[in-house]
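Hi there,

I am passing this structure on to you, as promised. Have a look at it first, and then read my notes below.

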Amino acid sequence: DSGAHLLNSLCWSVDSRVAKVHAFIDFFDLPVDINSNINVLFENGVMASILINGTSRALCGNMSFVFSKGRIDVDGWGAQWMNVYDADGQVKYPAVTEDMNAGEPAQNFIDAIHERVEPRTCVENGIVMSELMDAIYEAGRTGETVMPKRNNS
């Protein structure tokens with residue numbers, strides 16, 4: 001629960017089905033997950049490590065995309081900043097401008113229904129996210145690496 005938005009951003013960014021998941025989850029005797037450590041292998045070979053700490057007082061939600069010749073760090077919550085590192089380790093701070101803002105998801109949904117814009121996401125992304133969340137909870141419950149159950153939709 002604490003990391004659902006970042007996990008959705010991850011699925012959207014990777015654009016692949018999930019192959020395997022391993023997770024440790026701490027619910028703190030609550031009905032929702034609070035802290036988790038999640039490892040994901042996507043079918044296209046992309047690997048992701050996600051650490052969710054819902055008990056932290058420090059507000060953060062950054063995502064790092066690591067490539068063979070660099071890295072991109074982005075503000076996963078408010079999209080207020082982005083840092084780009086090249087192969088030499090030099091840091092660049094590209095400006096995050098208003099035209100890069102995709103707007104509120106609810107407004108995009110309404111505008112897409114009225115055919116004013118293209119939807120920013122698709123049904124397939126929702127299916128991948130659902131399969132990932134189910135696999136995370138199963139892996140956290142069993143302590144085993146889990147291959148997602150495929151939704152035939």
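**The sheet and a helix pair**

Phenylalanine 67 sits opposite glycine 70 in strand 5, and valine 66 has arginine 71 of strand 5 as its bridge partner. Before going on: this is a predicted model, where local features need pLDDT of at least 70, side-chain atom pairs count only at pLDDT 80 or more, and totals for chains, interfaces and linings use all residues. Residues are numbered from 1 along each chain as its sequence is written, and side-chain values use heavy atoms, leaving out hydrogens and water.

Strand 4 and strand 5 (residues 70-75) run antiparallel and are joined by six bridges; a hairpin of two residues links them. Strands (E, at least two residues) and helices (H or I, at least four) are DSSP runs numbered from the N terminus, and two strands pair if DSSP finds at least two bridges between them. The open sheet has four strands in the order 4-5-6-7, with antiparallel pairing. Strand 4 (62-67) and strand 7 (91-92) are at the edges with a single partner strand each, so one side of each has no neighbour in the sheet.

Now to the helices. Helix 1 (residues 4-14) packs against helix 3 (residues 123-142) at about 125 degrees, with the axes 10 Å apart; axes are lines fitted to C-alpha atoms over the stretch in contact, and angles run from 0 to 180 degrees between N-to-C directions.

Best wishes
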